[in-house]
Amino acid sequence: QLQLVESGGGLVQPGGSLRLSCAASGFTLESYSIGWFRQAPGKEREGVSCISSGGGTTNYADSVKGRFTISRDNAKNTVYLQMNSLKPEDTAVYYCAADRRPIVQALCAIRIGPADFASWGQGTQVTVSS
């Protein structure tokens, strides 16, 4: 059974850093495009970043460009989201999602759409506050 598990969330002060992990079990992550999404209370789920199955394509929301970095370690079957210079507005539950369809790999270059991804993790809370 395909399962994604996020970890690494927590409470951090503004300007601090966190690294989120998305670990896969039951399947090989290498063949999947991975997206990171977040949802704050009362707001819609929004795309944060995505990485294509080969790792050759990455995309970031304007709000996180220059601060967040997505990467994958296929040997560990894990995708990471390094988050630096965190701001209070980054506070949200963060989710990773996976999809192996070639169309999603192509779409990653132009959008980070929640509807594009079929399999989701349970989320990890990130709170940025002093």
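Biologist: Is Phe37 buried or exposed, and what is its relative accessible area?

Modeller: The cut-offs come first: buried is under 20% relative accessible area, exposed is over 50%, and partly exposed is in between (1.4 Å probe, protein chains only). Phe37 is buried, at 0%. Keep in mind that this is a predicted model, where local features need pLDDT of at least 70, side-chain atom pairs count only at pLDDT 80 or more, and totals for chains, interfaces and linings use all residues. Residues are numbered from 1 along each chain as its sequence is written, and side-chain values use heavy atoms, leaving out hydrogens and water.

Biologist: How many of the residues of S4 are buried?

Modeller: Strands are DSSP runs of E with at least two residues, helices are runs of H or I with at least four, and both are numbered from the N terminus. In S4, six of the seven residues are buried, so the rest of the structure largely encloses this strand.

Biologist: Which strand pairs with S4 over seven bridges?

Modeller: Strands pair if DSSP finds at least two bridges between them. For S4, the seven bridges go to S9, in the antiparallel sense. S5 (residues 46-51) also runs antiparallel to S4, with five bridges joining them. Ile34 shows both pairings: its bridge partner in S9 is Ala98, and in S5 it is Ile51. S4 and S5 make a hairpin with six residues between them, and Gly42 in the turn has a positive phi of about 80 degrees.

Biologist: In what order do the strands of the open sheet come?

Modeller: There are four of them, ordered S1-S3-S8-S7 with antiparallel pairing. S1 pairs with S3 (residues 18-25) over five bridges, and Ser7 stands opposite Ser21 in S3.

Biologist: How is a pair of aromatic rings described?

Modeller: By the distance of the centres and the angle of the planes. Rings of Phe, Tyr and Trp (its six-membered ring) pair if their centres lie within 6.5 Å; planes under 30 degrees apart are stacked, over 60 edge-to-face, and the rest tilted. The whole structure has four aromatic pairs. In one of them, Phe37 and Trp120 have ring centres 4.8 Å apart and planes at 45 degrees, so this pair is tilted. Phe37 is in S4 (residues 33-39) and Trp120 in S10 (residues 119-120), so the pair ties together parts 83 residues apart in sequence.

Biologist: What is the relative accessible area of Trp120?

Modeller: It is 27%, so Trp120 is partly exposed. The rings of Tyr95 and Trp120 have centres 6.4 Å apart and planes at 75 degrees, so they are edge-to-face. Tyr95 sits in S9 (residues 92-99), so its pair with Trp120 in S10 links parts 25 residues apart in sequence. Tyr95 is buried, at 14%. Phe37, Tyr95, Phe117 and Trp120 together form one aromatic cluster.

Biologist: Where does the charged end of Arg45 sit?

Modeller: A charge counts as over a ring if NZ of Lys or CZ of Arg is within 6 Å of the ring centre and within 35 degrees of the ring normal. The charged end of Arg45 is over the ring of Trp120, 4.8 Å from its centre. Arg45 also lies over the face of Tyr95, at 3.9 Å from the ring centre.
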